[in-house]
Amino acid sequence: MNKIGGTIVTIDIGTSKVSLIVSKVNKFNKLEVVHVENKSVDAVVKGEILEPYKIAEIIKSSLPQLEEKYGLKIKSSYANINNKFVNV
C-alpha cells in the first residue's frame, strides 16, 4: 500500500455514473475516503463503453478540480470497470 498520509485516486466507471474517489492512507495503513464525486453518464451499456469521449470528458474536467481542492498533483489513478459482461 502507499505510505502513510499518501493519497490514492480511484475512478469507477459504471453503467449510469462515473465516480471519482479520493482516499488517504491513515496511520493504521488503511484507506480513509475523503471525497466522492459522482457524475451521471449514459455512455456504458452492459459493460461496454459506447461513447468513450463522454467518459474521458468527465474525467478530464473533474481531475483538475480535485487537484485544486486537495492541493494534489494527480499523476496516476486506479480505474475500475466491474460488470459480468466485462472480459479481460
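Predicted model: local features only at pLDDT ≥ 70, side-chain atom pairs only at ≥ 80, totals over all residues.
Residues are numbered from 1 along each chain as its sequence is written. Local features need pLDDT of at least 70 and side-chain atom pairs count only at pLDDT 80 or more, while totals for chains, interfaces and linings use all residues; side-chain values use heavy atoms, with hydrogens and water left out.

Helix α1 covers residues 52–70, 19 residues in total; helices (H or I, at least four residues) and strands (E, at least two) are DSSP runs, numbered from the N terminus. From first to last C-alpha, α1 reaches 27 Å, close to the 27 Å expected at 1.5 Å a residue, where the expected span is 1.5 Å times one less than the number of residues. The buried residues of α1 include Ile55, Ile58, Ile59, Ser62 and Leu66; buried means under 20% relative accessible area (1.4 Å probe, protein chains only). The buried residues of α1 pack against β1 (7–13), β2 (17–25), β3 (31–40), β4 (44–45) and β5 (48–49). Gly71, which follows α1, has a positive phi near 65°.

Strands β2 and β3 run antiparallel and are joined by 9 bridges; two strands pair if DSSP finds at least two bridges between them. Val22 has His35 in β3 as its bridge partner. The hairpin of β2 and β3 has 5 residues between the strands, and Asn29 there takes a positive phi near 65°.

Ser19 lies in strand β2 and is buried, with a relative accessible area of 5%. Beyond residues up to four places away in sequence, Ser19 touches Thr10, Ile11, Asp12, Glu37 and Asn38, a contact being heavy atoms within 4.5 Å.

Key. Buried < 20%, exposed > 50% of the residue type's maximum accessible area, 1.4 Å probe, protein only.
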